[in-house]
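The following note is meant for a colleague who is meeting this structure for the first time. Please keep the sequence and the model open while reading the numbered points.

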Amino acid sequence: MDTNNQEGQASPLYKAKSAWAFCDKESEKGKTASFCDGYIDFLTSCKTERETIAFCKHFLEEKGFTADPGKDKYLATLRGKALFAFRKGTRPLSEGIRIIAAHADCPRLDFKPHPFIEQEGFAQAKTNYYGGLRKYQWLARPLALHGVICKDTGEVVPVQLGEEPGEPVFTIADLLPHLAQEQVAKTVKEAFQGEKLNVILGSKPSEKKDENGKDVPEPVKLAVLELLQQKYGVREEDFLSAEIEVVPAGPASYVGLDKSLIGGFGQDDRICAYTGLMALADSMPSAENCALILWDKEEIGSDGASGASSRFFAYCIEEVLHKHEPETSRGTVMMASQALSADVTAGMDPDYADTHDKTNSANLGYGPCFEKYTGAGGKYGASEAHAEYFASIRGLLNRHEIPWQSGILGRVDHGGGGTVALFLAAWGMNVIDFGPALLGMHSPFELSSAADVYTTYLAYKAFYEG
Ligand code: MN
Ligand code: MN
């Protein structure tokens, strides 16, 4: 006798099931691998919110989504940084929409408006870090530049440097251990300063002289600007209106002899952007009205026009309502909607197990994780999902036999975090945080489980199908 007692009842004990038992089934093995291959390619080619939104927009357009809110497949973007995709079901909109919301921005280093300096024979770019990152992780590693330079003529010059074979990369030099005796005695916060995150751009002086035949004051900086002018037709002033993001150079890849893990930059939260996108594309059209939202600025508090606190999402809903069901109010749709705040959570880290509450932590390889509440301390800043709603989604996945788990981020009073859930909840809809666990979240090389990537996609697909 194992799980059933004499009355034929299931065991009262609960234990999350390994997602590998599911993914290694004959029917799923090949699908898991091919889905993750596609995900790795996506991570490699989309490293900024702009690149992610452009990829998703193009992908959805190929699937028949258009800018017409009167059609059954509607797609809107905001300044190339946020996206709303909607697929009409047969149910009235007054019965709500099934929404998956993820974010496309990631912690990284941004060029400052006046980036260029020259110090001790090096031309460098000053940066301002974006989001919560550990500064030392960005030192002594190959970096690439991604973004746009906007000229005063209206021309937008796309930039991507440091990714193609044969292209140079960039870096921030770290202090040698020989001279780090003072630094290593400091706290991590004091030892690594934001103002030292200066990216090396070059070290060779320009041969140009001034009008008197004398050396120019900053010849290396000048040389770098000359190269940028040749390559992109831009001048120093143009960088005032540029958005250049410094990101880790190079591709994402499988990790481990068993290829069970995926390593790469920006899996928070492009893992949910990708699985959500594919779920929307692959789910069978059904009675359900379905929407995918990709927001920007989540990592810095969701403010700004392209962030979750903006009106963009509400305007998109209004467009859809106006065309399909003008008699229904926006409030009715919002209150009847069900949302998944599709974001990552912290997985149990074998070397930092003491930062987690083992009973309530997520584990890599156990499927997407429900986080009933986020926040910090005494649930401060939390969006807590209603128990009834959590139960309904759990039931849906159980009926589909899709693996899932439940966890919360870290030990009580050890920190915390938030997602876009509270911005969806503010409309009165049901929402729960639900996404895969990562190791090394917010690092330049985040780790996910291949089994979680695939089962998250299946879970999102089941949610859309209803
Ligand atoms: Mn996130
Ligand atoms: Mn994050």
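1. The manganese ion (ligand 2) and the manganese ion (ligand 1) lie 3.4 Å apart and are bridged by D268. The protein donors of ligand 2 are D268 (OD), E299 (OE), E299 (OE) and H442 (NE2), at 2.1 to 2.6 Å from the ion, where donors are N, O and S atoms within 2.8 Å of the metal (3.2 Å for Na, K and Ca), and sites may look incomplete since water is not among the atoms. Along the sequence, the donor residues of this ion follow the spacing D-x30-E-x142-H.

2. D268 belongs to helix α7 (residues 267-282), whereas E299 is in the loop between β12 (290-295) and α8 (312-324), so the pair ties together parts that are 31 residues apart in sequence. Helices (H or I, at least four residues) and strands (E, at least two) are DSSP runs numbered from the N terminus. Both D268 and E299 are buried, a word that stands for under 20% relative accessible area, with exposed for over 50% and partly exposed in between (1.4 Å probe, protein chains only).

3. On the basis of the model, which is predicted, local features need pLDDT of at least 70 and side-chain atom pairs count only at pLDDT 80 or more, while totals for chains, interfaces and linings use all residues. Residues are numbered from 1 along each chain as its sequence is written, chains are lettered from A and ligands numbered from 1 in the order in which they are written, and side-chain values use heavy atoms, with hydrogens and water left out.

4. How many aromatic pairs does a search of the whole structure find? The search finds 22, counting rings of Phe, Tyr and Trp (its six-membered ring) with centres within 6.5 Å, and calling planes under 30 degrees apart stacked, over 60 edge-to-face and the rest tilted. The rings of F116 and F239 form an edge-to-face pair, because their planes stand at 85 degrees, with the centres 4.8 Å apart. This pair links distant parts of the chain, 123 residues apart, with F116 in strand β4 (residues 108-119) and F239 in the loop between α6 (219-232) and β9 (242-248). F116 is buried at a relative accessible area of 7%, and F239 is buried at 5%.

5. The rings of Y454 and Y457 have their planes at 35 degrees and their centres 6.0 Å apart, so this pair is tilted. Both residues lie in helix α12 (residues 450-465), three residues apart, which is about one turn of the helix, and both Y454 and Y457 are buried. Y454 and Y457 also belong to one aromatic cluster, together with F35, Y39, F42, F55, F59 and Y274.
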